[in-house]
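Hello,

Here is the structure I promised to hand over. Please open it first, then read my notes below.

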Amino acid sequence: MSYVLASQLTKRFGDNTVFEKINFSIEKGEFITLLGPSGCGKSTLLRSLAGLNPIDGGEIHIENEDLTHTLPRDRGIGMVFQSYALFPNMTVAENIAFGLKMKKLSSVFIQSEVERVIELVELGGKEQQYPDQLSGGQRQRVALARALVVKPRILLLDEPLSALDAKIRKRLRQQIRSIQKELNLTTIFVTHDQEEAMIMSDRIFLMNQGEIVQKGTPEEIYTQPANEFVAGFMGHYNLVESHKAKQLFNIHTDNKVAIRPESIYVREAGRHYGSHISAPQIGIIKEHQVLGNVIRYRVAIDDCDLTVDLLNRSSERLLAAGQSLELLFNLNEIQPVSA
Amino acid sequence: MSAVNLSYHKFIVYLITGLLLIPILAMLLYSISSSWGATILPDGLTLNWYWKLLTDTRFLAAFGRSLLISTAALALSVALILPAIFVVFYYFPKLDRLMNLLIMLPFAVPPVVSSVGLLQLYSDSAVPLIGTPWILLGTYFTIALPFMYRTLATGLSTIHLHDLMDAAHLLGASTTKAFLMIILPNLKKGLMTSVFLCFSFLLGEFVFSNMLVGARFETLQIYLYNMRQTSGHFTSALVMTYLLFIFLLTWLASRLGFNQSGVKS
């Protein structure tokens, strides 16, 4: 049986249903990301697992133990909050020691454990400082250490990186991931940032309007979006109407088809293309954006606008607006998606 | 530019402080002069008035009563408001608006009006409250309530109350423990400030104690009122002693406040 098992989870606030009959299972040591736009219920779902929001239906099991009605403090769950939630009146060391103190462990043991996790999150020398003397990244590492020191069965991270600036965020997400791997810690991470989710996760649960719309590895979610919402959320997918799909690619479907912008080629003269590549279509460039390593073109084939991503190989190859080009499509990468 | 600006600001601050200090300094001088009648400067300096005051058992008793009633009222306020405000903020945040309305009431009604109202209300109650210190205790609670509630509310809104409580719960603390170990220490500074503010305020309270209790429970301000016919030097010494006490208290409060903020700079 799975390490974490949630079945038929339902949560309502008054008449408003946040999520209904959610099911999932997580294996030990997995890094799961709950990904979705704000207001999709991902944070509420996370808090329900911790027992901070009581659920209105369903069951939660961890290691085959029914925790549905267990108090948060008895669940063996560690949590890190977006606001850090460090205790302002305590030093770094006291903050980290808090959970062990509540367990009434010996002070010698507490001290050695605190030292161990301080080492783990690389905060040596900051033990006697107060939270308001630390930077955002350091505070979040204290919060992480405080959650880790009690050796939780699962670690919940509620948008822990959202309040940090880009550079620190990058570093901290690597650090979180490497610590998680080192401890083989089952982790559930909440974010609205799809890049963060792709980089960190073993599996992503993509949520929308209180439902998990797709579960899978980052690769699966990205390359095989289950529906239009996933395609729209995960990348800059082109969604092409069914009649256009028939006309352009001879694909018969009632649904729209999704085409990844980077799977589209520009035909180069003299080069041989395989049988999975479509016949060339003439398109006219409407505009472009230089994103850095990638140039994003908006190309019109008749009345159908497509986003095409090309690698920024050299500035001479930048194509100007109004220029026409021949687009080739990888037919294996064109897939129908349900609404 | 900033140097000029700074000295200008300093000048204004010193000027205003100086102006405000003039009556106090005049009173101080008056309280230590033996007699000061038709001359520009006092005839001689003496600490006699202070000696007279501090050996007057009636003064000491009144002072003691004032201290007692203010301390008791504040203890009652802390004991009632602290849990109440926590419950409001943690469990029923919507009630904060109602509380804000409630705490404005003591300001909306002038003390003279509300003391008349209280007299009417309690004059024929089964438990005789009028004329006893007990009614003062209750009234002083309502005076302290707005100050204390507002300061604590500000303190609570500057911390992430719910996240802190959630974090503490997950780490194994009960709600009571979390409140005592995490929320309370963060409110301490505001609490101390409001307690000392209310204390000096209550110590100087006259209208309610005069109207509701009067001479039967002679507090400091009533004693001062009753002594108004005696020598002005004596009452000056009395007011100076009172001011000095408040000043000491404020100084002590700010010292305590800084020491307990917990941040070493």
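Chain B reads α-α-α-α-α-α-α-α-α-α-α along its sequence. That is eleven helices and zero strands. Please keep in mind that this is a predicted model. The C-alpha trace of chain B spans about 75 × 70 × 30 Å along its principal axes. Chain B has 265 residues, and 26% of them count as buried. Take the contacts in chain B with a separation of 6 or more: 72% of them join residues 24 or more positions apart.

One helix pair in chain B is worth a look. Helix α6(B) covers residues 133-158, and it packs on α8(B) at an angle of about 155 degrees. The two axes lie 9 Å apart. Angles over 145 degrees count as roughly antiparallel, so that is the label for α6(B) and α8(B). The crossing of α6(B) with α8(B) is right-handed.

Which residues meet there? From α6(B) come Y140(B), I143(B), A144(B), F147(B), M148(B), T151(B), L152(B), T154(B), G155(B) and L156(B). From α8(B) come N186(B), L187(B), G190(B), L191(B), T193(B), S194(B), L197(B), C198(B) and L202(B). By class, this contact of α6(B) with α8(B) holds twelve nonpolar and seven polar residues, and no charged ones.

Now to where the chains touch. Chain B gives 16 residues to the contact, and chain A gives 20. On the side of chain B that touches chain A, α7 (161-170) and α8 (175-203) each supply at least two residues. The largest share of that side is six residues, and it comes from α7(B). The side of chain B that touches chain A divides into nine nonpolar, five polar and two charged residues.

Chain A has sheets to show you. One is an open sheet of six strands with mixed pairing. Its order is β6-β7-β8-β3-β9-β10 in chain A. The edge strands are β6 (77-80) and β10 (211-216) of chain A, and each of them pairs on one side only. With direction ignored, neighbouring strands of this sheet are turned by 20 degrees against each other on average.

Look inside that sheet at β3 and β8 of chain A. Strand β3 holds residues 31-35, and strand β8 holds residues 186-191. They pair in the parallel sense over five bridges.

Another open sheet of chain A has three strands, in the order β11-β12-β18, with antiparallel pairing. β11 (238-240) and β18 (335-337) of chain A are the edge strands, each pairing on one side only. The twist from one strand to the next averages 40 degrees. β11(A) pairs with β12 (residues 256-259) of chain A in the antiparallel sense, over three bridges. N238(A) has I259(A) in β12(A) as its bridge partner.

Next, the helices of chain A. Is α2(A) largely enclosed or largely open? Helix α2 (residues 92-102) of chain A has eight of its eleven residues buried, so the rest of the structure largely encloses it. The buried residues are V92(A), A93(A), N95(A), I96(A), A97(A), F98(A), G99(A) and L100(A). The buried residues of α2(A) pack against α3 (107-120) and α4 of chain A. Just after α2(A) comes K104(A), with a positive phi of about 55 degrees.

That brings us to α4(A) itself. Helix α4 (residues 136-148) of chain A packs on helix α5 (residues 166-183) of chain A. The angle is about 20 degrees, and the axes are 10 Å apart. Angles under 35 degrees count as roughly parallel, so α4(A) and α5(A) fall in that class. Their crossing is right-handed. G136(A), G137(A), Q140(A) and L144(A) in α4(A) meet I168(A), L172(A) and I176(A) in α5(A). The contact of α4(A) with α5(A) has four nonpolar, three polar and no charged residues.

Over to you.

Best wishes

Conventions. Residues numbered from 1 in each chain as written. Chains lettered and ligands numbered in written order. Predicted model: local features only at pLDDT ≥ 70, side-chain atom pairs only at ≥ 80, totals over all residues. Pairing = 2+ DSSP bridges. Helix = DSSP H or I, 4+ residues; strand = E, 2+ residues; numbered from the N terminus. Axes fitted to C-alpha atoms, helices over the stretch in contact; angles between N-to-C directions. Contact = placed C-beta atoms within 7 Å. Nonpolar A, V, L, I, M, F, W, Y, C, P; charged D, E, K, R; others polar. Parallel < 35°, antiparallel > 145°, perpendicular 65-115°, else oblique. Left-handed = near helix turned anticlockwise from the far one by under 90°. Buried ≥ 20, exposed ≤ 12 C-beta atoms within 10 Å, placed from the backbone.
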